[in-house]
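User: I am new to this structure and would like to learn how to read its features one at a time. Could you take me through a few of them?

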Amino acid sequence: MTSKYLKLAKEKFKQTNDVNFDLDFNDFIADCYVRLKPCSYGARIQSKIIKDLDVLSLPPSLNIGDVSFGKKNGEIKVSYLDKKNSYNLTHLRMWQKFQYYLFCFIDCENDFEPEFFILDKYVLNSVRMTPMNGTKESNSDNVNIELRTTVKKDGDYHKLFKKKNKLSGPYIVTGK
């Protein structure tokens, strides 16, 4: 008799990581959560945002962000709420020549509702960030250091993002 864990493992092995870009956004992010590893969902959700907004995607080699909003460029970051009630923003590249961050925070406790922020990149100067790799000392001679930060749900940084959000009107999108 096969154990339930072996059955689950076999189902996971057979499962593809193909997500359906034709789904509405809320179903899409739920599908990504179920099918993809954390290292994969950000790029897929970023692609979905770019497709749904019908904006120009920028090649990474240009170092000017992920997307063009007309005359301004931005970097897109996606984070699901974790078990510690926080959103994790990684690979923040403050040296790149773009003006905005578009953050998509997905609240797993609230039916996976996405919350969007468009922030001037320099709002992050008010946020404590640490290097993705190595220590501050080991990176002292490095100019282009990828950074990370943690945003506690309803914490000070989350409140700052709400206050500085460039989006007008509701910033939570519902698929209902």
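Predicted model: local features only at pLDDT ≥ 70, side-chain atom pairs only at ≥ 80, totals over all residues.

User: Which side chain of opposite charge is nearest to Asp-66, and how far away is it?

Analyst: A salt bridge needs a side-chain nitrogen of Lys or Arg within 4 Å of a carboxyl oxygen of Asp or Glu. Asp-66 is buried yet has no salt bridge, for the nearest side chain of opposite charge, that of Lys-77, is 5.6 Å away.

User: Is Gln-96 buried or exposed?

Analyst: Buried means under 20% relative accessible area. Gln-96 has a relative accessible area of 6%, and therefore counts as buried; its place is in the loop between β4 (86-92) and β5 (100-107). Among the residues that Gln-96 touches is Gly-65, which is 31 residues apart from Gln-96 in sequence and 6.9 Å apart in space, C-alpha to C-alpha.

User: How many disulfides does a search of the whole structure find?

Analyst: A disulfide is a pair of cysteine sulfur atoms within 2.5 Å, and the search finds zero. For Cys-39, the nearest cysteine sulfur, that of Cys-32, is 12 Å away, while for Cys-108 the nearest, that of Cys-104, is 11 Å away.

Methods: Residues numbered from 1 in each chain as written. Heavy atoms only, no water. Helix = DSSP H or I, 4+ residues; strand = E, 2+ residues; numbered from the N terminus. Buried < 20%, exposed > 50% of the residue type's maximum accessible area, 1.4 Å probe, protein only. Contact = heavy atoms within 4.5 Å. Lys, Arg positive; Asp, Glu negative; His and termini not counted. Lists of a residue's contacts leave out its neighbours within four places in sequence.
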